[in-house]
Amino acid sequence: ARATVLRRNHLFLLAYYRMLYPKTTAAEMNVWLYGATGRFYGPDQISRAEDRLGLSRKRGSTTARQANHPRNLQIRYNYWTLPYPYGMVGIRRDDIIDIDECGVFVES
């Protein structure tokens, strides 16, 4: 058996942080581990620990944490199943204006 540096509580903390932030880098992970444990780890040590746990950075969650809260599920359901002003049913596609992720400024 190979000697391991990240063990017990530190290994748990690594897995916990990876669960909360699946797209975090090894450097960000190291900063967080230092704050939690008072010890820095090398990128190779973090990588080997993640390998032992079966974790990878190949894919990360792109779903917001709040997406599956009951209130947000209801809002999504209303949007797709109710008529205006609560949803989009009955509105022609040509009449929909998508202003997602844009800034609108009115100057006089």
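**Entry 1: the α1/α2 crossing**

I started with the handedness: the crossing of α1 past α2 is right-handed. This is a predicted model, so I keep that in mind for everything below. Two packed helices are described by the angle between their axes and the distance between the axes, so I looked up both. For α1 (residues 8-20) and α2 (residues 26-37), I get an angle of about 130° and axes 10 Å apart. That angle makes α1 oblique to α2.

Next I listed who touches whom. From α1 I have H10, L13, L14, Y16, Y17 and R18, and across from them in α2 sit E28, M29, W32, L33, A36 and T37. Sorted by class, the residues of this α1 and α2 contact come out as eight nonpolar, two polar and two charged.

**Entry 2: α1 against α3**

How do the axes of α1 and α3 cross? They cross at roughly 80° and come within 10 Å, with α3 spanning residues 43-53. That angle falls between 65 and 115 degrees, and therefore α1 and α3 count as roughly perpendicular to each other. On the α1 side I noted L11, L14, A15 and R18; on the α3 side, I46, A49, E50, R52 and L53. The class count for α1 with α3 is six nonpolar, no polar and three charged residues.

I also cross-checked my two lists for α1. L14 and R18 meet α2, and L14 and R18 also turn up in the contact with α3.

Most residues other than glycine have a negative phi, and most peptide bonds are trans. I went looking for exceptions.

R8 is one: its phi is near 45°, a positive value in a residue other than glycine. Is R8 buried or exposed? Its relative accessibility is 68%, so I put R8 down as exposed.

The other is a cis peptide bond between Y84 and P85, where omega is about 10°. I located P85 in the segment after α4, the helix that covers 70-81.

**Entry 3: the loop at P22**

P22 is in the loop between α1 and α2. With a relative accessible area of 21%, P22 goes down as partly exposed, because buried needs under 20%. I then checked P22 against S56: they are 34 residues apart in sequence, and their C-alpha atoms are 8.7 Å apart in space.

**Entry 4: the whole chain**

Last, I stepped back to the totals. I count four helices and zero strands, running α-α-α-α from the N terminus on. Of the 108 residues in the chain, 17% are buried. The chain exposes about 9,200 Å², and carbon and sulfur atoms supply 54% of that area. Taking the contacts with a separation of 6 or more, I find that 46% come from residues 24 or more positions apart.

Definitions and conventions: Residues are numbered from 1 along each chain as its sequence is written. This is a predicted model: local features need pLDDT of at least 70, side-chain atom pairs count only at pLDDT 80 or more; totals for chains, interfaces and linings use all residues. Side-chain values use heavy atoms; hydrogens and water are left out. Buried means under 20% relative accessible area, exposed over 50%, partly exposed in between (1.4 Å probe, protein chains only). Contact means heavy atoms within 4.5 Å. Accessible areas come from the Shrake-Rupley method with a 1.4 Å probe; for residues, only the protein chains shown count as cover. Axes are lines fitted to C-alpha atoms, for helices over the stretch in contact, and angles run from 0 to 180 degrees between N-to-C directions. Angles under 35 degrees count as roughly parallel, over 145 as roughly antiparallel, 65 to 115 as roughly perpendicular and the rest as oblique. A crossing is left-handed if the near helix is turned anticlockwise from the far one by less than a right angle, and right-handed if clockwise. Ala, Val, Leu, Ile, Met, Phe, Trp, Tyr, Cys and Pro count as nonpolar, Asp, Glu, Lys and Arg as charged, and the others, Gly among them, as polar.
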